[in-house]
Amino acid sequence: AVGFQTGPLLRARADPPRQSSLLRAPAAMPASLACARRSGPVMGASGSRGALNARLLGSGSCVPDKLVPNSALEAIVDTNDEWISKRTGISNRRLLAPGQGVHDLAATAAQRALEDAGVPADEVGLIVLATSTPDDLFGDAAAVASAIGATNAVAFDLTAACSGFLFGVSVASQFLHTGAYGTAIVIGADGLSRWVDWSDRNTCVLFGDGAGAVVMKGAEAGEEAGVLGFEMHSDGTGRCDLNLGYAGEPQQLKDVTTVTNGKYATVDMNGKEVYKFATSRVPQVLKEAMGNAGVTAEQVDWVLLHQANIRIMETVAKKLGVPMDKVLTNLSEVGNTSAGSIPLALDAAVKAGKVKKGDLIAMSGFGAGLSWGSVIVRWG
């Protein structure tokens, strides 16, 4: 047999075997999603997550053609435009059509980001696709790499819901900082219209589909770092407040055993708890990341938050002492696109000429997990 082992073997951890709680309770709402909330997540010490030699050079985005205004939802659920816009800040959303995939949106967004950055696809060494709704449960990133001609790239999916794009930027920055890769694409893409309960007016009005991407490069010698600081957190005790749980049904395999077929429920969200979580943790993590970056809120040119709800953005801005005219948002036109929301809003601001080279942007994502984080970047 031919062996290609040239380095040390990586030994697996000898953890005691344990059965997944999700597998023990295959129901419409797994028992593991029941609340066991503690008083508050333990916050890690800051200070070691500062500048990284990585730069954000170009952006791109893609949304489905189908635009659905608030007024159209009146035929589906008991709601109206005023009710939705007043409570969320959303006026329209874009929805995937049958036969259109999340990976299609992701590939188009990535291609547009490459064009914006002036980078050829074969120069890309790494692609991170942040999504919780892939077309292929095994992952869409490799298919996206193939679609855009990034033949030299390693590509993988990252699942962190609405925090996904921000976590993806943090992950890619590590590889660029060390020099393991020279060029990367980070994509945020989701199609949550597939996974909402369209009879629940509290959730179906919130979500849209879309993708956004950025091209990143390692900073050359003498160049200023583009990622100035970051911070990330998660708290599994809040999982019950926002989840999309496994809901497989039992399937008898004759006399051999019983398994479950693959099936998931719809998005389940406790809006009040998520609002409290976001308005308390997001200002805090932004301050942590700014501290790691050595900057203050007054020095920041733009604040870019996950586009979930305009009230959340207004509260966070107030707690930071930042005026709303410094908060980037396209929530009104596309709704909550989960991992796609931050890069979609960024690309819109870049193309509109609001965000310019050298601008300092404080980004923060938050959502299911629960998870939240912040990255401070200098654009261009």
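These legends accompany close-up views of a predicted model.

**View 1. The five-stranded open sheet.**
Let us start with the strand order, which runs E1-E7-E6-E4-E5 in an open sheet with mixed pairing. Strand E1 (54-62) and strand E5 (154-158) are the edge strands; each has a single partner, so one side of each lacks a neighbour in the sheet. From one strand to the next, the twist averages 20°. Within the sheet, E4 and E6 are parallel partners, joined over five bridges. To find this pairing in the model, look for Leu-129, which stands opposite Ile-187 in E6.

**View 2. Two helices packed on the sheet.**
Helix H3 (residues 102-117) packs on the sheet and touches E1, E4, E6 and strand E7 (209-218). The direction of H3 makes about 130° with that of E1. Helix H5 (residues 164-178) also packs on the sheet, with E1, E4, E5, E6 and E7 as the strands it touches. Here the angle is about 165°, taken between the directions of H5 and E6.

**View 3. The largest nonpolar core.**
This core holds 47 residues, and Leu-286, Met-290, Phe-366 and Ile-376 touch the most other members. At least two residues each come from helix H2 (81-88), helix H7 (271-293), strand E13 (302-305), helix H8 (310-320), strand E15 (360-367) and strand E16 (371-378). The top contributor is H7, with nine residues. Zooming in on Leu-286 and setting aside its neighbours within four places in sequence, we find it in contact with Leu-305, Val-316, Leu-320, Ala-362, Met-363, Ser-364 and Ser-374. A second, separate core has 33 residues, including Leu-176, Met-216, Trp-302 and Ile-361.

**View 4. Strand E13 and its two partners.**
Which residues cover the two faces of E13? Trp-302 and Leu-304 lie on one side, Val-303 and Leu-305 on the other, and all are buried. In a regular strand, side chains alternate between the two faces of the sheet. E13 pairs with E15 in the parallel sense over four bridges, and Leu-305 stands opposite Ser-364 in E15. E13 also pairs in the parallel sense with strand E14 (residues 327-328), over two bridges. In that pairing, Leu-304 stands opposite Leu-328 in E14.

Trp-195 counts as partly exposed because its relative accessibility is 28%, a value between the 20% and 50% cut-offs. Tyr-264 is likewise partly exposed, with a relative accessible area of 37%. Together with Tyr-246, Trp-195 and Tyr-264 form one aromatic cluster.

**View 5. A charge over a ring.**
Arg-201 lies over the face of Trp-83. The distance from the ring centre is 4.3 Å.

**View 6. Asp-136 in its loop.**
Asp-136 belongs to the loop between strand E4 (126-130) and helix H4 (141-148). Is Asp-136 buried or partly exposed? Its relative accessibility is 36%, so Asp-136 counts as partly exposed. Asp-136 and Val-102 are 34 residues apart in sequence, and their C-alpha atoms are 9.5 Å apart in space.

Key
Residues numbered from 1 in each chain as written. Predicted model: local features only at pLDDT ≥ 70, side-chain atom pairs only at ≥ 80, totals over all residues. Heavy atoms only, no water. Core = buried A, V, L, I, M, F, W, Y, C linked by side-chain atoms within 4.5 Å. Buried < 20%, exposed > 50% of the residue type's maximum accessible area, 1.4 Å probe, protein only. Contact = heavy atoms within 4.5 Å. Phe/Tyr/Trp six-rings, centres within 6.5 Å; stacked < 30°, edge-to-face > 60°. Lys NZ or Arg CZ within 6 Å of the ring centre and 35° of its normal. Pairing = 2+ DSSP bridges. Axes fitted to C-alpha atoms, helices over the stretch in contact; angles between N-to-C directions.
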